[in-house]
Amino acid sequence: MSTMRRATSSITPRQLEVLSHISRRDRWSVGEVASALGVSSAAATKAIVRLERKGLVTRNVDMMDRRCVNVRITRAGNDVVQRVPGRV
């Protein structure tokens with residue numbers, strides 16, 4: 001099974017929603033993702049960590065403010081969002 005198929009088949013509807021939001025712009029902070037989805041930062045972090053393990057997003061500490069973690073979608077993440085019918 002290809003990596004793409006595994007990523008698509010193992011992604012939950014909530015993770016797809018998070019991924020879809022992240023795909024809308026180049027970079028998000030975890031707090032911005034949480035706010036956009038109406039969830040706690042802890043819940044957003046949990047979803048983002050799972051997406052990162054699947055190679056669909058990356059997380060990096062902001063060099064200007066080390067308390068802030070920036071999230072970006074990967075090419076594989078964009079592919080997942082593009083291939084899902086009826087995107088969120």
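These notebook entries record what I looked up in the structure above.

**Entry 1. Ground rules**

I note that the model is predicted, that local features need pLDDT of at least 70, that side-chain atom pairs count only at pLDDT 80 or more, and that totals for chains, interfaces and linings use all residues. Residues are numbered from 1 along each chain as its sequence is written, and side-chain values use heavy atoms, with hydrogens and water left out.

Helices (H or I, at least four residues) and strands (E, at least two) are taken as DSSP runs, numbered from the N terminus.

**Entry 2. The sheet**

I looked up the strand order first. The 3 strands form an open sheet in the order β1-β3-β2, with antiparallel pairing. Two strands pair if DSSP finds at least two bridges between them. β1 and β2 (57-61) are the edge strands, and each pairs on one side only.

How many bridges join β2 to β3? I find 5 bridges between these antiparallel strands. R59 has V71 of β3 as its bridge partner, and T58 stands opposite R72 in β3. On the other pairing, 2 bridges join β1 to β3, which also run antiparallel; there W28 stands opposite V71.

**Entry 3. Helix α2**

I then turned to α2 (13-22). This helix is mostly covered, with 7 of its 10 residues buried. Buried means under 20% relative accessible area, exposed means over 50%, and partly exposed lies in between (1.4 Å probe, protein chains only). The buried residues are Q15, L16, V18, L19, S20, H21 and I22.

What do the buried residues of α2 pack against? I list β1, α3, α4, β2, β3 and α5. Contact here means heavy atoms within 4.5 Å.

**Entry 4. Helix α3**

In α3 (residues 30-37), I find V30, V33, A34 and L37 buried. Why do they lie on the same side of α3? They cover an arc of only 100° around the axis, so they share that side. The arc is that of the directions from the helix axis to the C-beta atoms. Their cover includes α2, β1 (28-29), α4 (41-53) and β3.

E32 also lies in helix α3. At 36% relative accessibility, E32 counts as partly exposed. Leaving aside residues up to four places away in sequence, E32 touches R25 and R27. I also noted that the C-alpha atoms of E32 and A44 are separated by 9.3 Å, the two residues being 12 apart along the chain.

After α3 comes G38, whose phi is positive, near 70°.

**Entry 5. Salt bridges**

The structure holds 5 salt bridges. A salt bridge is a side-chain nitrogen of Lys or Arg within 4 Å of a carboxyl oxygen of Asp or Glu. I looked up several of them.

D26 forms a salt bridge with R72, and their closest N and O atoms are 3.1 Å apart. The pair links distant parts of the chain, since D26 is in the loop between α2 and β1, R72 is in strand β3, and the two are 46 residues apart. D26 counts as exposed at 53% relative accessibility, whereas R72 is partly exposed, with a relative accessible area of 32%.

E52 forms a salt bridge with R59, with 2.8 Å between the closest N and O atoms. E52 is partly exposed at 29% relative accessibility, and R59 is partly exposed at 31%.

The side chains of D65 and R67 meet in a salt bridge of 2.9 Å, N to O. D65 is partly exposed at 28% relative accessibility, while R67 is exposed at 76%.

**Entry 6. T74**

Where is T74 found? I place T74 in the loop between β3 (69-73) and α5 (75-83). Is T74 buried or exposed? T74 is buried, with a relative accessible area of 18%.

The side chain of T74 reaches the backbone oxygen of G55 at 2.7 Å. This is a polar contact, a pair of N or O atoms within 3.5 Å; within protein, one must be able to donate a hydrogen and the other to accept it, and residues adjacent in sequence count only if both atoms are side-chain atoms. Not counting residues up to four places away in sequence, T74 touches G55, L56, V57 and T58.
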